[in-house]
2 protein chains.
Amino acid sequence: MISIAIASIFILLVAMAVDENEEKSAPAADPLPSWNEGSTKDAIMDFVTNTTNESHPDYVPAEERIATFDNDGTLWCEYPDYVQSLFMFDRIREMAAEHPEWNDTEPFRSIISGERSYSTNFTVNESLQIYVTTSSNLTADEYMSLAGEWLNSTQHLRFGQPYTKCVYKPMLELLSYLQSQGFKVYIVTGGDEDFVRSFSEEVYGIPPEQVIGSAFKLQFVENNSSVSVVKLPQILVMDDGPEKAKEIQQNIGMRPIFAYGNSNGDIAMLQFATSDSRHGLGLLNHHDDPVREYAYDRQSPIGRLDEGLDIAGEWGWQIVSMKDDWKEIF
Amino acid sequence: MISIAIASIFILLVAMAVDENEEKSAPAADPLPSWNEGSTKDAIMDFVTNTTNESHPDYVPAEERIATFDNDGTLWCEYPDYVQSLFMFDRIREMAAEHPEWNDTEPFRSIISGERSYSTNFTVNESLQIYVTTSSNLTADEYMSLAGEWLNSTQHLRFGQPYTKCVYKPMLELLSYLQSQGFKVYIVTGGDEDFVRSFSEEVYGIPPEQVIGSAFKLQFVENNSSVSVVKLPQILVMDDGPEKAKEIQQNIGMRPIFAYGNSNGDIAMLQFATSDSRHGLGLLNHHDDPVREYAYDRQSPIGRLDEGLDIAGEWGWQIVSMKDDWKEIF
């Protein structure tokens, strides 16, 4: 009698287990709920479905499923200015106490006075000078810690949120979707790689070793039993345009099969992923939503899409309308 | 009756499942069977056990468990010459047909004639010239394909095996053991990174993006709808000595907690992993087995251990005796 009772419990448990399995084999929940149905979402879903299906001609083994994403304007908001530029301007203001000479020296003077407060107000050489001044003679850990503190204590003026909350919800879903399908996802940014590394794991689920970006020459410093690696005041790479393709080759050792950007600086990366007979997928965010975010491209000095928009058709890239393709932005 | 029979089968199945679980909780098989018992093996096992044990003070979260390995002399045999040097000499001989001028030009003449057949016969500048000549104007894919063909068609003279079989069995076990315990394992080689990438996945289970090494400047080449990245005849980095620490910082974005090398060129990498109050583990292979492999260090121009042997004690590094600590070599 007892054994029959126990057996019944087992039968019940097994039946429940079978039920659970059946549920698992039901169609999976939509992995991209913030994306509106349409040709863009279809292109992404079809690409992932085919490249992960062993019996499909476009199948790609997991170890070659490399996806690369730009950061500014692609994963998070870059308007009205690059977040890193705002960080650098604040660093200059903070460092000013120890540099009284800056009150008479450009470009520092007009940052401190607030006369020029956007990166577009500065020449390329001035911007490089600001980048070098705010980064050099620090270890990566020291720099990341300064960046992390700043990100925790500042907010986007219009959205009233920390910048790390001004990331695009549909893009977070896309990162997770690709990762769940065996893709190794990289950020390939024109920004400083340590700046992005300071929040990439927490915000995007992308570890520091999968962030490739602009960087300084380094120096190995030995001091008794303590060694460290320090940023020299000399830029090693500005990771934009063709540099993105070269850095991808150097760091990853193979071409991506998926590349997503938003500006002319991402074109080489998309070409690298989709050139020749490859079935790679290239996408560009089109900032065309003035109500929920911003509308810019050909008109704005930030995140220009001019050339990308012009050649997307010829290269078979998807132009993602943030207004029409996304249910939500943040 | 039938239901009782079915129930009995379920009971049997459940009992079997329980048995299986009990087996799983039994002590795991030795993950390092080719290592002799002793202080070196204990140091490795203790380090891995502690850094992966959440309640131990030395616990390190999985995302920070970075391990870096040198290649030549650490993972595979580098004697009597670096494998990559032998590849380069053969490349020169193969390319000679298209370079009749090489018959009168050093260092090519004496490679072709066989007068000088070891890398130690050449000056540093000659070695760099040979490296540049045999690598430039190729894409990484083209270069890796040449390296792969060569590795498949040549053998180590003494061991009568392809070089990719002249890898150290205890080291393969160690790579697997660390990976199974959540470590992300990198090769950090003074050799060309694409040379090592041509076999790292197959031989070591380490994907190309986890190989950091010497490399050339690259050029992005656009040709209608085809783009590629080509090696320029200009060295970007010779990844040896302090460069190893700098490349680790640049590529991985954090310090390793485990570093394993065999020569003076690995010292900075080991220091970077073990400096200050960190509980990182550093190890150096000591080639002291003339019967099963080779005995060299202070005496040989290949893989010198001079300084490493001298400072290992002070830094708390393990000197691994290949003769005493390893049951088998290959």
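The contact draws 35 residues from chain B and 34 residues from chain A. The model is a predicted one. On the side of chain B that touches chain A, two or more residues come from each of α1 (2-25), β3 (211-223), β4 (226-237), α10 (242-252) and α11 (267-274) of chain B. The most come from α10(B), which gives seven residues to that side. By class, the side of chain B that touches chain A holds 20 nonpolar, nine polar and six charged residues.

Chain A contains an open sheet of seven strands. Their order is β4-β3-β2-β1-β5-β6-β7, and the pairing is mixed. At the edges stand β4 (226-237) and β7 (318-321) of chain A. Each has a single partner strand, so one side of each is left without a neighbour in the sheet. On average, neighbouring strands of this sheet are turned by 35° against each other, direction ignored.

Within the sheet, strand β1 (residues 66-69) of chain A pairs with strand β5 (residues 258-261) of chain A. This pairing is parallel and spans three bridges. A:Ala67 has A:Phe258 in β5(A) as its bridge partner.

Helix α10(B) lies across β3 (211-223) and β4 of chain A. The helix α10(B) runs at about 145° to β3(A).

How values were computed:
Residues are numbered from 1 along each chain as its sequence is written. Chains are lettered from A and ligands numbered from 1 in the order in which they are written. This is a predicted model: local features need pLDDT of at least 70, side-chain atom pairs count only at pLDDT 80 or more; totals for chains, interfaces and linings use all residues. Two residues are in contact if their C-beta atoms, placed from the backbone, lie within 7 Å. Helices (H or I, at least four residues) and strands (E, at least two) are DSSP runs, numbered from the N terminus. Ala, Val, Leu, Ile, Met, Phe, Trp, Tyr, Cys and Pro count as nonpolar, Asp, Glu, Lys and Arg as charged, and the others, Gly among them, as polar. Two strands pair if DSSP finds at least two bridges between them. Axes are lines fitted to C-alpha atoms, for helices over the stretch in contact, and angles run from 0 to 180 degrees between N-to-C directions.
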